[in-house]
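Q: I am new to this structure and would like to learn how to read it, one feature at a time. Could you walk me through it?

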Amino acid sequence: MKRRFATVLATTGLALTACSIGNTNASEVALHYGAGPLDSRTFVACVQPATRSIDDVNDDHYYYPAGARDFTFGDGEGLDAAALVSTTKDSQEIKVSGTIKFTLNTDCSEFTDPTGKKWPGGKLQMFHELIGYKYEPAEEGGGQPGKWEELLRNYIGASLSRATDNQALQYGWQQLYSDTASKAKWEQDVLAQLPATLMTLTQGVDLFHIDAVLLQKPSINPQLADGLSQKQAAELRAQAVEVDKQAAANFPGGIAAYQAYQQQQAVNEAIKAGRVQVLPIPRGPRSSSAASEPQGRRVSAPAAPCRCQGAGGRPADS
């Protein structure tokens with residue numbers, strides 16, 4: 001009995017080691033292809049997320065991401081692609097950074113493409129055979145295609161570059177740089193065009209779903225930024241002058257009184273800030289008699305004697 005049980009275990013173990021296993025996690029899907037020694041490789045089935053399947057020893061499984069993914073582009077490190085460069089309506093170049101949120105179409109329902117070819121494994125099978133297989137798809141669970149970033153750059157990145165170029169031509173550089181409403185509208189315009197542009201690279205089939213387009217404030221030529229800063233500073237100065245004019249017109253005493261008030265305010269602020277040194281002015285020496293006088297009294301000189309003149313100009317006797 002023990003020998004028979006051991007034989008069964010050995011046979012089962014041998015059978016398991018002679019199988020291929022499809023084992024997807026919750027964020028990936030796989031395509032199962034049969035590939036016997038005397039058979040051509042043919043599609044068998046899709047392996048849905050979080051599924052384990054045990055198949056023939058010569059069969060293959062190819063894994064792809066399932067669910068929402070990001071395509072990031074910009075000047076930083078660790079991004080999927082470099083920043084894009086587009087031209088505005090007024091012939092100025094802008095540098096565009098941001099994120100595209102997308103989903104690979106993992107629909108495995110049989111369908112017929114625009115050329116009339118039937119795909120029993122649906123759009124996922126079409127994606128794998130026309131695109132994904134060329135970019136070294138993962139053959140074990142938990143991985144991603146070896147050239148996944150290159151795939152994204154060649155399809156999503158290329159389509160995005162064209163869409164941002166087309167839509168940037170509808171706006172001036174200052175609208176996209178400093179007008180929030182115009183930038184938001186440009187972002188929505190790119191989102192509306194991107195899926196159709198991407199489908200021109202995938203035989204008119206929606207092998208990718210574009211979920212959102214998030215574009216950052218574009219970077220502009222430093223000279224344009226300096227010019228804009230100077231213009232804004234000039235506008236602020238003009239506004240300040242206009243405010244001063246209105247304040248002076250309503251100030252008691254008119255413009256002259258307002259100017260004197262402003263000068264005094266400037267002096268006060270300079271003193272507070274320590275930009276002006278205040279020096280005490282010493283008083284002159286005081287006489288001993290003046291020093292002995294109580295403060296607050298006015299000291300008068302003694303009156304001179306009065307001599308009166310009589311008739312004929314002769315002094316009168318006192």
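Q: Let us begin with one residue. Is Thr-197 buried or exposed?

A: This is a predicted model, and here the reading goes by relative accessible area, where buried means under 20%. Thr-197 has a relative accessible area of 7%, so Thr-197 is buried.

Q: Where does Thr-197 lie, and which residues does Thr-197 touch?

A: Thr-197 is part of helix α5. Leaving aside residues up to four places away in sequence, Thr-197 touches Ser-159 and Arg-162.

Q: Where does α3 bend?

A: The bend is at Gly-157, and its angle is about 30°. Gly-157 is also one of the buried residues of α3. Others in that buried group include Trp-148, Leu-151, Leu-152, Tyr-155, Ile-156, Ser-159 and Leu-160.

Q: What about α2: how many of its residues are buried?

A: Helix α2 is mostly covered, with seven of its nine residues buried. They are Gly-122, Lys-123, Leu-124, Gln-125, Met-126, Phe-127 and His-128.

Q: How many residues does the largest nonpolar core have, and which have the most contacts inside it?

A: To read a core, look for buried nonpolar residues joined through their side chains. The largest nonpolar core here has 47 residues. Phe-71, Phe-73, Ile-100, Leu-151, Trp-186 and Phe-208 have the most contacts inside it. Helix α3 gives the most to this core, with eight residues.

Q: Which residues does Phe-71 touch?

A: Not counting residues up to four places away in sequence, Phe-71 touches several residues, among them Leu-152, Arg-153, Ile-156, Gly-157 and Leu-160. Phe-71 also touches Asp-80, Ala-81, Gly-98, Thr-99, Ile-100 and Phe-102.

Q: Now for links between side chains. Which residues does a disulfide join?

A: A disulfide is a covalent bond between the sulfur atoms of two cysteines. A search of the whole structure finds one. The disulfide joins Cys-46 to Cys-108, with 1.8 Å from S to S. The pair links distant parts of the chain, 62 residues apart. Cys-46 sits in strand β3 (residues 42-47), and Cys-108 in the loop between β10 (98-104) and β11 (111-112).

Q: Why is the disulfide called left-handed?

A: The torsion about the S-S bond of Cys-46 and Cys-108 is about -95°, so the disulfide is left-handed. As for its setting, Cys-46 counts as buried because its relative accessibility is 18%.

Q: How many salt bridges does the count come to?

A: Such a bridge pairs a side-chain nitrogen of Lys or Arg with a carboxyl oxygen of Asp or Glu. The count comes to eight salt bridges. One of them is between Lys-95 and Asp-75, whose closest N and O atoms are 3.7 Å apart. Lys-95 lies in strand β9 (residues 93-96) and Asp-75 in the loop between β6 (68-74) and β7 (81-82), so this pair ties together parts 20 residues apart in sequence. Lys-95 is partly exposed at 35%, whereas Asp-75 counts as exposed at 57%.

Q: What parts does the salt bridge of Lys-123 and Asp-206 tie together?

A: The side chains of Lys-123 and Asp-206 meet at 2.7 Å, N to O. Lys-123 is in helix α2 and Asp-206 in the loop between α5 (180-199) and β13 (208-215), so the pair ties together parts 83 residues apart in sequence. Lys-123 is buried, with a relative accessible area of 18%, while Asp-206 is partly exposed at 23%.

Q: How many residues apart are Asp-189 and Lys-185?

A: They are four residues apart in helix α5, about one turn of the helix. Asp-189 and Lys-185 form a salt bridge, with their closest N and O atoms 2.9 Å apart. Asp-189 is buried at 15%, and Lys-185 is partly exposed at 45%.

Q: To finish, how many helices and strands are in the protein chain?

A: There are eight helices and 13 strands. Buried residues make up 32% of the chain's 318 residues.

Technical notes:
Residues numbered from 1 in each chain as written. Predicted model: local features only at pLDDT ≥ 70, side-chain atom pairs only at ≥ 80, totals over all residues. Heavy atoms only, no water. Bend = angle between axes of the 7 residues up to and from the residue. Helix = DSSP H or I, 4+ residues; strand = E, 2+ residues; numbered from the N terminus. Buried < 20%, exposed > 50% of the residue type's maximum accessible area, 1.4 Å probe, protein only. Disulfide = S-S within 2.5 Å. Core = buried A, V, L, I, M, F, W, Y, C linked by side-chain atoms within 4.5 Å. Contact = heavy atoms within 4.5 Å. Salt bridge = Lys/Arg side-chain N within 4 Å of Asp/Glu carboxyl O.
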